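The report below is meant to be read with both in view.

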Amino acid sequence: MGRATVEHALATLRDERDRISASLLDLEQHHGHRLLKGARLSGGTRDRWERAQAALTFLWRLFDAYQGVLEEATELQRRRPSEATLRRLTELLTGPSVEVPRDEITLRRRTLLGPDRERCTLQEAKEQMTEAYREVTELVSAVDAAWEALLEPLEAAEREWREAVRLAQSLGEGRDAELDRLGRELAATGQLVRTDPLALVENGRADAERIESLRAGLAAVREGLAEAARLRAEYDERVAALEAGLSTLAQAVAAARSAYRTVQVKIADPGVPEPADPGPVLRERLDALPALRAAGRWSDLAARMAELETNIAGAVEQAERARALSTGLLERRDELRGRLDAYRVKAARLGFAEHDELARLHEQARALLWTAPCDLRRATVALTRYQRALRSLETGTD
């Protein structure tokens with residue numbers, strides 16, 4: 001190689017060396033790399049990290065050897081190169097001048113006295129360093145991405161668990177079986193996330209579904225405990241509200257049954273069931289609550305009270321629907337009566353008040369509508385006939 005060629009080659013190699021050095025330092029300072037160095041890993045993540053560490057150690061040692069060759073070549077290049085020096089520079093820059101770290105020499109190339117020296121060119125050394133760097137960065141990136149996706153929901157779930165434990169302890173009810181179960185699952189999942197995050201990576205993506213499921217379960221438990229805590233502070237007011245609800249239910253049932261009895265007398269074959277009265281059963285359940293309070297079973301008490309509140313509200317709604325069903329039949333009868341009167345007024349205004357057929361149809365409809373019990377089906381048919389007859393007369397007049 002001529003002097004100009006040597007100078008150009010060395011300038012290019014020194015620039016590459018500086019970039020390699022910067023990349024290695026950036027890798028050492030990478031957040032994921034620092035976390036891996038300080039973590040107690042297990043499983044597949046630990047196995048891959050051990051291989052990556054070996055690759056990184058090899059990379060640094062090979063880089064030192066690579067850099068040593070460049071330093072020697074730079075020193076030679078500073079002198080006024082003789083022909084012998086140029087030959088040496090050519091050997092350094094293009095020949096197998098970089099000594100491969102001894103631990104990396106394959107078994108079949110070793111001797112009884114240990115591994116033989118193995119050398120490679122600067123270009124081959126760069127290729128080997130590139131492959132080692134790729135292996136390390138792929139692992140660091142994969143673990144860093146997994147932790148980024150998993151640690152935040154895990155910590156949120158752990159906050160849910162701590163808050164639920166605090167509430168359970170404040171209630172003084174002892175251990176909560178569901179909370180204990182979720183806590184054990186969370187601890188096992190947390191251990192897996194922190195020591196073997198790659199176990200939760202599928203198709204290159206960290207799966208946080210297990211953590212989110214635990215978090216949802218813990219949130220439900222925590223909300224139940226929070227409701228129990230609220231109940232303890234509001235017990236008397238909640239019981240008073242239940243008493244008022246039962247009173248409202250009694251009134252609604254009484255109104256529904258009164259409407260039912262009325263419709264049975266005034267409407268033929270109404271087809272409505274007799275309204276049920278769930279009041280006594282609900283009263284028994286309300287009377288059982290003080291025993292739970294005395295035993296300090298606030299979580300059970302909260303669940304039963306919430307269920308009772310829902311049941312009372314539903315029973316009131318059902319009673320009101322039953323009353324509306326009965327009164328609806330009476331309202332239908334009254335509506336038909338009003339329509340018949342309106343048609344009779346219209347007939348008189350049109351001059352058909354004395355029309356024989358129209359009068360006969362009016363009397364049939366009136367007899368059905370003002371007779372108890374009223375047959376709504378037949379009355380509706382009779383009213384329709386009267387309406388059609390009136391319309392036919394009106395059209396004929398026009």
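**Confidence**

This is a predicted model, and the mean pLDDT of the chain is 89, with 95% of its residues reaching 70 or more. Among the elements of the chain, helix α8 (residues 279–287) has the highest mean pLDDT, 95, whereas strand β2 (residues 110–111) has the lowest, 49. Over residues 105–111 the pLDDT stays under 50, and for this stretch the model has 11 contacts beyond four places in sequence.

**Salt bridges**

Side chains of opposite charge can pair when their charged atoms come close. With a cut-off of 4 Å between a side-chain nitrogen of Lys or Arg and a carboxyl oxygen of Asp or Glu, the count comes to 30 salt bridges.

| Pair | N to O distance |
|---|---|
| Glu83 and Arg87 | 3.3 Å |
| Arg119 and Glu99 | 3.9 Å |
| Arg293 and Asp236 | 3.7 Å |

The pair Glu83 and Arg87 lies within helix α4 (residues 83–94), where the two residues are four apart, about one turn of the helix. Glu83 is exposed, with a relative accessible area of 62%, while Arg87 is partly exposed at 48%.

In the salt bridge of Arg119 with Glu99, the closest N and O atoms are 3.9 Å apart. Arg119 belongs to strand β4 (residues 119–120) and Glu99 to strand β1 (residues 98–99), so this pair ties together parts that are 20 residues apart in sequence. Arg119 has a relative accessible area of 42% and is partly exposed, and Glu99 is also partly exposed, with a value of 24%.

Arg293 and Asp236 join side chains in a salt bridge of 3.7 Å, N to O. Because Arg293 lies in helix α9 (residues 289–294) and Asp236 in helix α7 (residues 209–266), the pair ties together parts that are 57 residues apart in sequence. Arg293 is partly exposed, with a relative accessible area of 36%, whereas Asp236, at 52%, is exposed.

Salt bridges also link residues into a network, whose members are Glu223, Glu227, Arg230, Arg238 and Glu309.

**The largest pocket**

The largest pocket has a volume of about 210 Å³. It is lined by 14 residues, of which Pro275, Ala276, Gln318, Ala319 and Ala322 are the closest to its centre. The elements that give two or more residues to this lining are α7 and α10 (298–349), and α10 provides the largest share, six residues. By residue type, the lining of the largest pocket divides into 11 nonpolar, one polar and two charged residues.

**A loop residue**

Where is the place of Ala372? Ala372 is found in the loop between α11 (356–369) and α12 (376–397). Its relative accessibility is 57%, and because exposed means over 50%, Ala372 counts as exposed. Leaving aside residues up to four places away in sequence, Ala372 touches Val265 and Lys266. From Ala372 to Arg360 the separation is 12 residues in sequence and 20 Å in space, taken from C-alpha to C-alpha.

Notes:
Residues are numbered from 1 along each chain as its sequence is written. This is a predicted model: local features need pLDDT of at least 70, side-chain atom pairs count only at pLDDT 80 or more; totals for chains, interfaces and linings use all residues. Side-chain values use heavy atoms; hydrogens and water are left out. Buried means under 20% relative accessible area, exposed over 50%, partly exposed in between (1.4 Å probe, protein chains only). On a 1 Å grid over the protein atoms alone, a cavity is a set of points where a 1.4 Å probe fits but cannot get out, and a pocket is an open set with protein on both sides within 12 Å along at least five of seven lines; lining residues have an atom within 4 Å of a point. Grid points are joined across faces, edges and corners, and a volume is the space filled by probe spheres set on the points. Ala, Val, Leu, Ile, Met, Phe, Trp, Tyr, Cys and Pro count as nonpolar, Asp, Glu, Lys and Arg as charged, and the others, Gly among them, as polar. pLDDT is the predictor's confidence in each residue, from 0 to 100. Contact means heavy atoms within 4.5 Å.
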